[in-house]
Number of protein chains: 2
Amino acid sequence: MRYSQMLIRTAKEIPAEAEVISHQLLLRAGFIRKLTSGLYTYLPLGLAAIRKVEAIVREEMNRAGAQELLMPMVQPADLWQESGRWVKYGPELLRFQDRHNREYCLGPTHEEVITDIARRELHSYRQLPVNLYQIQTKFRDEIRPRFGLMRGREFIMKDAYSFDVSDEAAGQSYQTMRDAYTRIFQRCGLEFRAVEADSGSIGGSFSHEFMVLADTGEDTLVICQECEYAANVEKAKVVLLAEPASETTDDSTGEVQDCIKVETPGMKKVDRVAEFLKVTPQQVIKTMIYLADEEPVAVLVRGDREVQSVKLKNLLDVAEVELAEDDTVWKLTKLPVGYIGPVNIPIKMVADQEVMTMINAVTGANEKGHHLTGVTPGRDFTPVAVGDLRQITKEDRCPVCQGALELTEGIEVGHIFKLGTNYSEAMHAVYQDQEGKEQAMVMGCYGIGISRVVAAAIEQNHDENGIIFPLPLAPVQVIVLNLSIKNEETTATAEKLYQDLQAAGIEVLLDDRDERPGSKFKDADLIGIPYRVTVGKTWEKEGKVELRTRRDGTTTLLDYEQAASTITTSIQDELNALK
Amino acid sequence: MRYSQMLIRTAKEIPAEAEVISHQLLLRAGFIRKLTSGLYTYLPLGLAAIRKVEAIVREEMNRAGAQELLMPMVQPADLWQESGRWVKYGPELLRFQDRHNREYCLGPTHEEVITDIARRELHSYRQLPVNLYQIQTKFRDEIRPRFGLMRGREFIMKDAYSFDVSDEAAGQSYQTMRDAYTRIFQRCGLEFRAVEADSGSIGGSFSHEFMVLADTGEDTLVICQECEYAANVEKAKVVLLAEPASETTDDSTGEVQDCIKVETPGMKKVDRVAEFLKVTPQQVIKTMIYLADEEPVAVLVRGDREVQSVKLKNLLDVAEVELAEDDTVWKLTKLPVGYIGPVNIPIKMVADQEVMTMINAVTGANEKGHHLTGVTPGRDFTPVAVGDLRQITKEDRCPVCQGALELTEGIEVGHIFKLGTNYSEAMHAVYQDQEGKEQAMVMGCYGIGISRVVAAAIEQNHDENGIIFPLPLAPVQVIVLNLSIKNEETTATAEKLYQDLQAAGIEVLLDDRDERPGSKFKDADLIGIPYRVTVGKTWEKEGKVELRTRRDGTTTLLDYEQAASTITTSIQDELNALK
């Protein structure tokens, strides 16, 4: 590739539309362009990086015995009605009608279609196990698409689906995929971690997310310092410590007091109420109003805790939960924001398990400017459901070994699910076992956000000058800078090096533009090509070219004759080390 | 690939849903499965064939200097409103709204999106020419999807777009693509022809279709026997012969008669009227009622001619034309079907050029059971437009050299267009020329129906036993049949051959199933793998394996030791011959 002939337009300025670093750098480096909200064009360099991920994924999926196919992106409603998700999926499922007024959706995922294929093609235990995958553009109508390739509406995904004769066999398939994913992200040159995760709208009993570690990650992970436990905070189970109740009262007598209404004028926040009433936030019950599929629900947590909305969604078994705006609360419930509490509350109420261990707590009185003291769950109020609803903290203990926890940020790039027989039962995907009896196939599904891997790689690997691509994902491996395009000998050398590297199977971009050296250096850094070779002054003076690695900035002077072979060897060694 | 582990389910029966041979064979060979009308899943073998076409296309596009990118499949309405096609495109453009009620369509083609990219990224003559392409799933909401991959709603397409500084430069880009397409279809191993074509809803001044020749083709091509002229009948210009009028009268006096109404009870067809009135069909003017964007239009052609609906659509400048059903004619016009004629007709009327040269013709009288004789155009009626509206026949002459014509059937697999400045002017895609003046970029666009190429290859290459894949498109190049899987030595030999061929870079399918030889032979033929190697009786008896070519059925006995290298050499020679 010659830079002068390529569609690569870089920019110095940070684009106003981009909040996160990968989005900024993908735009600045000319990798992607926005068409409209959540829809991006991958320009040639961006697509080249995507193809790198695809190739690694394809190789490892094939190696794991999976077979590639390709399903339609447009899916008929009837299959989704069979699985029950036509109603359940929520507005991220883009639904539309064709010219004959038949209903369809744009595939956000393909459980229904693949289950339909399985029930038509697979009939005997002798045909199982089967793992089928595709690499395809998906569409999810995100309410607020953002962060470039991190949360777009169209994105490229590898989705795989396994079919097995039993739970045990399905466990094997799951493990095979877990291993394949580990190899995939290793080969991508990324720092990552597999964590227990919530199964979301896909359903199923059990799942792991593969997280690329990055400070800027949208997800928070809990990692046990002592055992192997690691989980997304959405999933991480909070274990109640032995005697939590005693910690929440300051008199420690454990004696249950009467419930008394007190004036708390203007005290809307937990901290101010606690200070005013001379208690700790741990003695306050916080009452939050959520909209669960648009119905208001009161959610109780201890004053110093945060509600974990995915846990809430699961407890309520609804498609979407959202914290209600103040005026929505008033409109729907006539309750005074800041003074809401569980006693005699007129709407549905659920509580975090910890709340139920509290005694003599402070709560809102459901009356402006007033709170209650001496409130005790069970006696004074009874939620319709109690469960683990709060966000875990690093002060909590590991649910497996009680060890200390660490929290860190990550970006979800892969997700594997044990689906069990949810879909196969709903859609009657059965096989005949050895006795000739019909059995539901046991399923698993396995996704990788191909385009998101590129964004996550950048979130993890960049500096103030631009992207630092891990070698396996770089759109090209080497950039050759010709710094004196008007000097015939320099140009001939750069050209020769370009040809020699290509002949050795290396992917090279030759910067043959009529630009100042400064621009060429800046662009090479911004685009993040792992190896840079400069043919310029040192070649003219000493007959040497300069090799620089993008990641650590080390430079080496190479005799021109050795340059191509030295670089080729380095690249091969680096790639082999990841295999 | 081991057959026993692959998702390949073949069928003996011809599926009732499939009319054309490629559709039948793709289903029977287990290459595709229908999801719903016009939507197909490509199963592993089908996808493998698709990927072969993609790889050839990609290589030749890159060789021709085009750059690959990837645009969204979902496109915002506003770009289509800018180009004017939001209204003009018709119901094949699937339109829908997202969760925020914004309007979008599923991309049937990407002129608007690429022009938007060009106007944002390309600003100077120094950046041109540029040719950008993608390989992507498209959606067209066909009114009657049919013939499997031949006319589906979702299909895989390579679409490329060129941007140039001038008509002349754009002509160069067009020629480069024409050459690349020629190489692509040659390398696919197909018999094909480039023909002049109608530009359809894409617009533009000039286009060529690449047609795979096959008796079952939907398109008819006209090929001059004497010069290079070749065209789709939709486009092929009819030239009026020197004295056509004299041929249409039987008295040859050329004297213009009076227009007289005669009784023709029950005579609705041209032939019967002609016989009854003792004239030839050439003396009759046929009046057909079409719906042009739902408005009725009378179309006149000579009695023995057929209307060419694409020519009609172009003359009328409408999105869709369709022959009206008899009851629709009556409902909309109150004209008596079978007796309709141009004299005093109350609706819009257009005529084929040939009609205007007729004198003393017979036409319907617009009265049940009556016709008119002695009708002469100009005197008795005046169409609002006259043009070349009829289907060309092999009795016509070449519009270039007046040579004799031949008609043949073909399947459109590629289409290249000179777009000119239609899109760049509508969407203000301009560059600065050497004088710093703004100029509209001159565009071309170039499509290949990737999935259709596979179907067309099968239409052209099959026999009663199944598909005969051209080697470059075969999902695998060799199938090794192990005919005695219970015989350890046979199995070891088949395995070894499988490994050796793979090691030599050959794509192999090993039929290791526990099936009878007859089934294995049948399946190998049906799937259409070019080379079949049998390890069975002759190996056990004589130590030889049997190599058979699918196309001509010739068999050769090979010593086991030479088998892998002989086959490898054959395959390489055959592929090289196409380059």
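Colleague: Are Glu354(A) and Arg390(A) buried or exposed?

Modeller: This is a predicted model, in which local features need pLDDT of at least 70 and side-chain atom pairs pLDDT 80 or more, while totals for chains, interfaces and linings use all residues. Residues are numbered from 1 along each chain as written, chains are lettered from A and ligands numbered from 1 in written order, and side-chain values use heavy atoms, without hydrogens and water. Buried means under 20% relative accessible area, exposed over 50%, and partly exposed in between (1.4 Å probe, protein chains only). By that rule, both Glu354(A) and Arg390(A) are buried.

Colleague: How far apart are N and O in the salt bridge of Glu354(A) and Arg390(A)?

Modeller: A salt bridge needs a side-chain nitrogen of Lys or Arg within 4 Å of a carboxyl oxygen of Asp or Glu. The side chains of Glu354(A) and Arg390(A) meet in one, with an N to O distance of 3.1 Å.

Colleague: Which residues are linked with Glu354(A) and Arg390(A) in a network of salt bridges?

Modeller: Side chains of opposite charge can pair when their charged atoms come close. Here Glu354(A) and Arg390(A) are linked in a network with Arg302(A), Asp304(A), Arg305(A) and Asp396(A).

Colleague: Why does Lys261(A) count as partly exposed?

Modeller: Lys261(A) forms a salt bridge with Glu367(A), the closest N and O atoms being 2.5 Å apart. Glu367(A) is partly exposed, at 32% relative accessibility. Lys261(A) is partly exposed too, because its relative accessible area is 46%.

Colleague: Which residues have the most contacts inside the largest nonpolar core?

Modeller: A nonpolar core is a set of buried Ala, Val, Leu, Ile, Met, Phe, Trp, Tyr and Cys residues joined through side-chain atoms within 4.5 Å. The largest has 78 residues, and those with the most contacts inside it are Leu106(A) and Leu106(B).

Colleague: How many residues of helix α1 of chain B are buried?

Modeller: Helices (H or I, at least four residues) and strands (E, at least two) are DSSP runs numbered from the N terminus. Helix α1 of chain B spans residues 21-28, and its buried residues include Leu25(B), Leu26(B) and Leu27(B). What covers them includes α12 (450-460) and α14 (517-527) of chain B.

Conventions: Contact = heavy atoms within 4.5 Å.
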